[in-house]
Amino acid sequence: MTVAVIVKGYPRLSETFIAQEILGLEERGVAQRIISLRHPTDPTRHAMHEQIAAPVHYLPEYVHEEPRRVWRGWRLARRLPGYRAARAVWLRDWRRDPTLNRARRFAQAAVLVAELPDDVTRFHVHFLHTPASVARYASLMTGLPWSCSAHAKDIWTTPQWETREKLAACEWLVTCTAAGAEHLASLTPQPERVTLVYHGLDLGRFPPPPERGAHDGSDPARPVVIASVGRAVEKKGYDVLLAALRLLPPELHWRFVHIGGGKLAGRLKQAAADLPAVFLGAQPQDRVVEELRQADLFALACRIAPDGDRDGLPNVLMEAASQGLPAVSTRVSAVPEFVSPGETGLLVEPEDPQALAAALATLIRNPAERAAMGRAACARVRTAFSFEAGIDRLAARFGPAPCALRSMRR
C-alpha cells in the first residue's frame, strides 16, 4: 500500500508537525508519496525533511502557468468512470463558491489522477480546506478512498456546508485538538468518523533541557530572555505581545527573541525598534531549539482573527516545554489543553496586554517558579503528549484499500 499525502505546500518550516508525521509513518512501514499544491517558498528546510524518503510531486500551482499539463490531465481524467460524479460535485461547489481557487482545485485534481503512480491505493490530506477539495475530487474520479488530518485554520474558516459534505465523503478524519474534534463531530451525523490524535512531540529529536540560572530581571547584565516562535500573522497576537512588553515595569531587565516569518514580520520589527527585541525570521528546527535552550520562558499571545482563523495546539508550545520552558499564553482554542495554569505556565484572556504583562512580570521575577513550571511542562510532553502513541494510532488507520481504476489514467 502506498498513500498519496496531499499537502498545500512542501516543505514548510512552519509545518514541522506534518514532516514529523510523514517521517513517523515511514518509520512504521507506511509508504507515501507527497503531493504538493504549491512549491516551497522558505529559504531553508529542517533536517527532518532530509530524512524523509517519500518522493515529492508538485501539481500546477496556477492553471495558466502550465496549460498543456492541465489540458492533458483533464483529457485523461474525463475518461474515468468517476469523472462525471466528480464534475457534478465540483459544479455544486462552484455555485456556492464561484472563485478561481475552486476552479484551480478541480484542475489540480485532474492532473493528479492523470499522473498518479500505479502503486497509490489511497489519499490522505493535510488540512480540510483546499487540499481536501483536491483529494475529494480525485477520490471521486478514481474510486480511491481518502482520509484527512485537520489542524487549525482549516477547521474554523472552512464554510460549514463544505465541512459537512467533506466529513460525509472522507473515510475518516483525525484532528489534533479536543476543541477541534468536538466542533467537527458536531457537524456530522456520524461523529465516530472524527478522532482526536494529538501530534505530540518526537522527543528523540530534541536534547534534554539545559540547566538555567536563577536570574530575576534585576541585573541589567543578565536579562531574562523571553522567546516566541510563530508566524507573524494576525492570529498569533504579536501586536498584543509587544504591547505587553511595553507595559513591563522599568526595573525589570529582559530581552525578547522572535523566530518566524510571515506577512506582518516587517511591521512588527519596526514597531519594536525601541525595545530590547531580536527578530530572527524563519529558522530551521535546530536553530529554533538552540534559541529555546538560551531562553528563560516562552510567550505566545494567541487570538481568534476576524475571519475566524485561530491556532489549534501550537507545536511550539510543546517544543518549548521539551527544553524546560514555562509558557505564558492565552485561553484560546486548544492552548489550555496543554498549558495548565500555575502548573506548566500561565494563561490570560486574549486581547489583554495588561494581564499578559502581569503574567510575564510574575515569571520574570520568580526563577524558582519558572524552573518548577518548566519541569512540569517537560514531564507533560513526555506523558500526556507522547508522539509515539499518536503516530502508532494513526499508522493503524491505514489499512488495505480497494483496487482503483488504473488502466484509464494514462
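Reply: **Rings up close**

F385 is buried because its relative accessible area is 2%, where buried means under 20%, exposed over 50% and partly exposed in between, with a 1.4 Å probe and protein chains only. This is a predicted model, in which local features need pLDDT of at least 70 and side-chain atom pairs count only at pLDDT 80 or more, while totals for chains, interfaces and linings use all residues. Residues are numbered from 1 along each chain as its sequence is written, and side-chain values use heavy atoms, leaving out hydrogens and water.

Let's start with the pairs. A search of the whole structure turns up ten aromatic pairs. Rings of Phe, Tyr and Trp (its six-membered ring) pair if their centres lie within 6.5 Å; planes under 30 degrees apart are stacked, over 60 edge-to-face, and the rest tilted. One of the pairs is F17 with F127: the ring centres are 6.5 Å apart and the planes stand at 80°, so the pair is edge-to-face. This pair links distant parts of the chain, with F17 in helix α1 (residues 16-27) and F127 in the loop between β4 and α6 (130-142), 110 residues apart. Helices (H or I, at least four residues) and strands (E, at least two) are DSSP runs, numbered from the N terminus. Both F17 and F127 are buried.

Back to F385, then. It forms an edge-to-face pair with F338, at 5.1 Å centre to centre and 80° between the planes. Here too distant parts of the chain are linked: F338 sits in helix α14 (residues 335-338) and F385 in the loop between α16 (367-383) and α17 (387-397), 47 residues apart. F338 has a relative accessible area of 3%, so F338 counts as buried.

Next comes a cluster: ring pairs join Y83, W90, W94, F106 and Y137. What do the axes of α4 and α5 do? The axes of helix α4 (residues 83-96) and α5 come within 10 Å and cross at roughly 170°; axes are lines fitted to C-alpha atoms, for helices over the stretch in contact, with angles from 0 to 180 degrees between N-to-C directions. The two helices are therefore roughly antiparallel, as angles over 145 degrees are called; under 35 is roughly parallel, 65 to 115 roughly perpendicular and the rest oblique. On the α4 side the contact (heavy atoms within 4.5 Å) uses Y83, A86, R87, W90, D93 and W94, and on the α5 side R102, A103 and F106. By class that gives six nonpolar, no polar and three charged residues, with Ala, Val, Leu, Ile, Met, Phe, Trp, Tyr, Cys and Pro as nonpolar, Asp, Glu, Lys and Arg as charged, and the others, Gly among them, as polar.

Two tryptophans have arginine over a ring face: R310 lies over W156 at 4.0 Å from the ring centre, and R397 over W172 at 4.7 Å. The criterion is NZ of Lys or CZ of Arg within 6 Å of the ring centre and within 35 degrees of the ring normal.

D118 is in the loop between α5 (100-115) and β4 (120-126), and is partly exposed because its relative accessible area is 48%. T163 belongs to helix α8 (residues 160-169) and, at 1% relative accessibility, is buried. Not counting residues up to four places away in sequence, T163 touches L128, T158, L184 and L187.
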